[in-house]
Amino acid sequence: MKKKLGYIITALCLAILWGTIASAASPFDQVLLRWTKTRKFVDEDGANLEVKATYYSAEFIEALVQKEAKDNLWTQQEADNYKYKFLSTLHLDEMIPIQIEFINNGPTMHLGPFDIMAKLRIGNKIYKATEYDKRFNFKFQGKKEGLIFFPRYDEKTGKDLLKGQSNVRLELSANISPITDGKDTSFVWDIKNDNPQKLYQGTTATRIETDRLLKRLEKLRKDKAEEEAKLKAINDEISTIQNRLDELARQ
């Protein structure tokens, strides 16, 4: 009974300590804790691997922008410029970005090509990465980090893949390292309250919408030029055939 009571007291002390640490943490640190998941593996010889994955939710991105603005004493315009460039880099309107960090204190890791090592499970479907940091393809020990991107919309229907979903799961192959003991490494995020559209407000929204419309206009012009070239080719062929028919008629 005393031993059981000791366990309870220890657990309570740890809970109080964690609560104290969490309350003392900065707002950004608290957001980071919500969106960064960590897994650590240690083999019998002491070799170890730590894997961190951060889901770039609207809350995390906004907190990151505010932290950078505060740390660098930016004006509102400077903060808006950073946010605009950051969102443009993340391609949040098309993809789902996730930051992955490996701290490998074990056997050399060979992850290339990395897009076959990682997949995102949304509902009952699995999606392959559309883009990723190519540095993951090179063997390494120590620390390596970068972004990996998954599709946000269905390629055929254009449907938002996250609509109506409560969580997503990132799954890394067991082949990333022998330290994982043949098991996949997975991270799950609750995304039912995530709303990336909150990020697109004010001057940032205007600039990004302008970029989108310009890209759309450029694509339409390109499509028009291609269609006009096809039409010209068809007309030329019609003219050639008609000329040949006229020649045959005169014979």
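A crossing of two helices is called right-handed if the near helix is turned clockwise from the far one by less than a right angle, and left-handed if it is turned anticlockwise. The model discussed here is a predicted one.

1. Helix 3 and helix 4. Helix 3 passes helix 4, residues 76-90, in a right-handed crossing. The axes of the two helices come within 10 Å and cross at roughly 140°. That angle makes helix 3 oblique to helix 4, because only angles over 145 degrees count as roughly antiparallel.

2. Residues between helix 3 and helix 4. On the side of helix 3, the contact is made by Ile 61, Glu 62, Leu 64, Val 65, Glu 68 and Ala 69. Helix 4 contributes Ala 79, Tyr 82, Lys 83, Phe 86, Leu 87 and Leu 90. By class, nine of the residues in this contact are nonpolar, none is polar and three are charged.

3. Helix 2 and helix 3. The axes of helix 2 (residues 27-35) and helix 3 (residues 58-71) come within 10 Å, and they cross at roughly 150°. The two helices are therefore roughly antiparallel to each other. Their crossing is left-handed.

4. Residues between helix 2 and helix 3. Helix 2 supplies Phe 28, Val 31, Leu 32, Arg 34 and Trp 35 to the contact. From helix 3 come Glu 59, Phe 60, Ala 63, Leu 64 and Lys 67. Seven nonpolar and three charged residues make up this contact, with no polar residue. Leu 64 of helix 3 is listed in the contact with helix 2 and also in the contact with helix 4.

5. Five strands form an open sheet in the order 1-2-3-7-6, with antiparallel pairing. Strand 1 (36-42) and strand 6 (131-132) stand at the edges and have a single partner strand each, so one side of each is left without a neighbour in the sheet.

6. Strand 1 and strand 2. Which strand holds the bridge partner of Phe 41? The partner is Leu 49, in strand 2. Seven bridges join strand 1 to strand 2 (residues 48-55), and the two run antiparallel. Together they form a hairpin with five residues between the strands. In the turn, Gly 46 has a positive phi of about 95°.

7. Strand 3 and strand 7. Strand 3 (residues 95-109) and strand 7 (residues 140-151) run antiparallel and are joined by eleven bridges. Ile 96 stands opposite Phe 150 in strand 7.

Methods:
Residues numbered from 1 in each chain as written. Predicted model: local features only at pLDDT ≥ 70, side-chain atom pairs only at ≥ 80, totals over all residues. Heavy atoms only, no water. Axes fitted to C-alpha atoms, helices over the stretch in contact; angles between N-to-C directions. Helix = DSSP H or I, 4+ residues; strand = E, 2+ residues; numbered from the N terminus. Parallel < 35°, antiparallel > 145°, perpendicular 65-115°, else oblique. Contact = heavy atoms within 4.5 Å. Nonpolar A, V, L, I, M, F, W, Y, C, P; charged D, E, K, R; others polar. Pairing = 2+ DSSP bridges.
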